[in-house]
Amino acid sequence: MFEEDQETLAAEYVLGTLSAEEREHAEALRSFDPEFDAAVKQWERRLGELNVMVEAVEPPAEVWDKIKGEISAEMPAEAEAAAETESVPDLESPATVDATDFLFAETATTQPDENAGEAAATPANDAAAPPPLAAKRAAGVERGADVVRLRKRVGRWRGFTVAFAAIAALLAAYIAVSKVAPDLLPPQLRAVGANLMARTEPQERGPSDRLVAVLQQTPIAPAFLLTVDTQQRTVVVRRIAAGQENGRSYELWLITGRSAPPKSLGVVGSDEFTQRSLPANVDLETLRSATYAVSLEPAGGSPTGAPTGPVLFTGKAVDSLPSSPTPKT
Amino acid sequence: MLTQAELVELLAEVAKGDSGAFERLYGATRAKLYGVLLRILGRPELADEVMQETYLKVWKSAASFDPAIASPITWMVAIARNRAIDIVRKRGEASIEDEPEALSVAADTPPPLARREMTEELRRLLACLGKLDPEKQRIVLLAYYSGWSREQLARKLDIPANTIKTWLRRSLLEIRGCMGS
């Protein structure tokens, strides 16, 4: 069962059907569970061939200019040399160049051949039907009426949707401004948006020096609650609904990125609360952005210093209290 | 025309920091990746952004490409889709997909190809997909091409979210069983 859960998680991660939280969980797993990472890569290969059926679309020329610009900024000498010898690769039309794209040269006009009725071609044919039509067909006549009503409602709601999108854009802009230049915002707005950023500088800390993280396997079943005290540099783990270890030990890990190895924060004790010290060389910003995880290890903890057992729970930390507005004087 | 072997070679040169090879790789793959991204993101300005991120990542991590476990194009498409889906999930659903112009792009899966246009691997995958119920096939394909979450699939197809979850799980395990490792 556990193996199947991991397998479907990897498959759904590649397919793209996971929620944002589930994706974070999967990404944390990838970073230090080689078996899970291998499962993801296998699914990328299994499902990846579907890209063959996607129509090629020529991107605007500026896209390449920007990519080239960023790469030249990284390695000026070689990029300049390259710029002299070759310009934009427009002489190579993608329809004639790409090994896989050659399939598309005539896609638009090609009909499936007489073998299309075979099992192999069926999914593609089925897929060609747009969802509303297909949904009607599948759901039968009765539910077909629901679909129609739904579509009408969609039409009426569209005005609201656009308004929501505008609000979302405004919010995004606001968050961007508050992160980059909090001083541009009025003080009463600055407080909320600046929450994360402002408090990364010690002198601007608010009343809360605590970060909390809920570690869970699925979004509805929190297993551990973590409280990170950034002043005392301790972490308190509270067991909420974690299962029994059965002779093994839960071990807590701090994951700071795909490339850095996970740092052990110690074994979780059998009492409701366990307190552990934070490693000295981890700064506040890292504690805020890190992923916290619990793996199941041999009794007493991992013998190697790296997670060896399955990673069962992961989570991110958030501030436990809003910081008070602290306008600069 | 570049073959898969030629793309593998290009990636190996890119891994050594050859920017000329990178430019040829871009020329050979850009339209495919852009097509994939447009379907998921709907909006060209977002697709442009993810194109840049994707190719920068390809530039930086070409050395980690392993021709034994992936083809160049599926590897690059995976990087692009991954990033696109991250963005769609994090922005929330309403801000992107419900805009009229986005709907027209992402609303359906691509037209079928004639059998002779398919790669061997694609034929195998489609044969396995073909063993699923038509409704489950559609869900898998819609998820792949449009980047929809379970919730979006449930809403758009008017099927309970739990049913979608069960179907996806079962379908994916069946596909794995059918295709072997």
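Begin by selecting Asp158(B) in this predicted model, a residue that counts as partly exposed because 16 C-beta neighbours lie inside 10 Å, which falls between the 12 or fewer of an exposed residue and the 20 or more of a buried one. Asp158(B) sits in the loop that runs between α9 (150-157) and α10 (161-179) of chain B, and its phi is near 60 degrees, a positive value in a residue other than glycine. Most residues other than glycine have a negative phi.

Next, go to chain A and select Arg233(A), which is found in the loop between β2 (222-229) and β3 (234-239). Here too phi is positive in a residue other than glycine, with a value near 55 degrees for Arg233(A). Arg233(A) is partly exposed, having 15 other C-beta atoms within 10 Å.

Stay in chain A and move to Gly309(A), in the loop between β7 (291-297) and β8 (311-319). Gly309(A) is partly exposed, with 16 other C-beta atoms within 10 Å. Which residues does Gly309(A) contact, leaving aside its neighbours within four places in sequence? They are Ser295(A), Leu296(A) and Glu297(A). If you also select Val294(A), you will find that its C-alpha is 9.7 Å from that of Gly309(A), although the two residues are 15 apart in sequence.

Now show the whole of chain A, whose secondary structure comes to 10 helices and 8 strands, and in which buried residues make up 30% of the 329 residues.

Not counting residues up to four places away in sequence, Ala10(A) touches Phe36(A), Ala39(A), Val40(A) and Trp43(A).

Finally, select helix α4 (residues 61-74) of chain A together with helix α3 (residues 44-61) of chain B, which pack at an angle of about 40 degrees with their axes 9 Å apart. That angle makes α4(A) oblique to α3(B), and α4(A) passes α3(B) in a right-handed crossing. To see the contact itself, display Val63(A), Lys66(A), Ile67(A), Glu70(A) and Ile71(A) in α4(A), which meet Asp48(B), Met51(B), Gln52(B), Tyr55(B), Leu56(B) and Trp59(B) in α3(B). The residues of this contact divide into 7 nonpolar, 1 polar and 3 charged.

Conventions
Residues are numbered from 1 along each chain as its sequence is written. Chains are lettered from A and ligands numbered from 1 in the order in which they are written. This is a predicted model: local features need pLDDT of at least 70, side-chain atom pairs count only at pLDDT 80 or more; totals for chains, interfaces and linings use all residues. Axes are lines fitted to C-alpha atoms, for helices over the stretch in contact, and angles run from 0 to 180 degrees between N-to-C directions. Helices (H or I, at least four residues) and strands (E, at least two) are DSSP runs, numbered from the N terminus. Angles under 35 degrees count as roughly parallel, over 145 as roughly antiparallel, 65 to 115 as roughly perpendicular and the rest as oblique. A crossing is left-handed if the near helix is turned anticlockwise from the far one by less than a right angle, and right-handed if clockwise. Two residues are in contact if their C-beta atoms, placed from the backbone, lie within 7 Å. Ala, Val, Leu, Ile, Met, Phe, Trp, Tyr, Cys and Pro count as nonpolar, Asp, Glu, Lys and Arg as charged, and the others, Gly among them, as polar.
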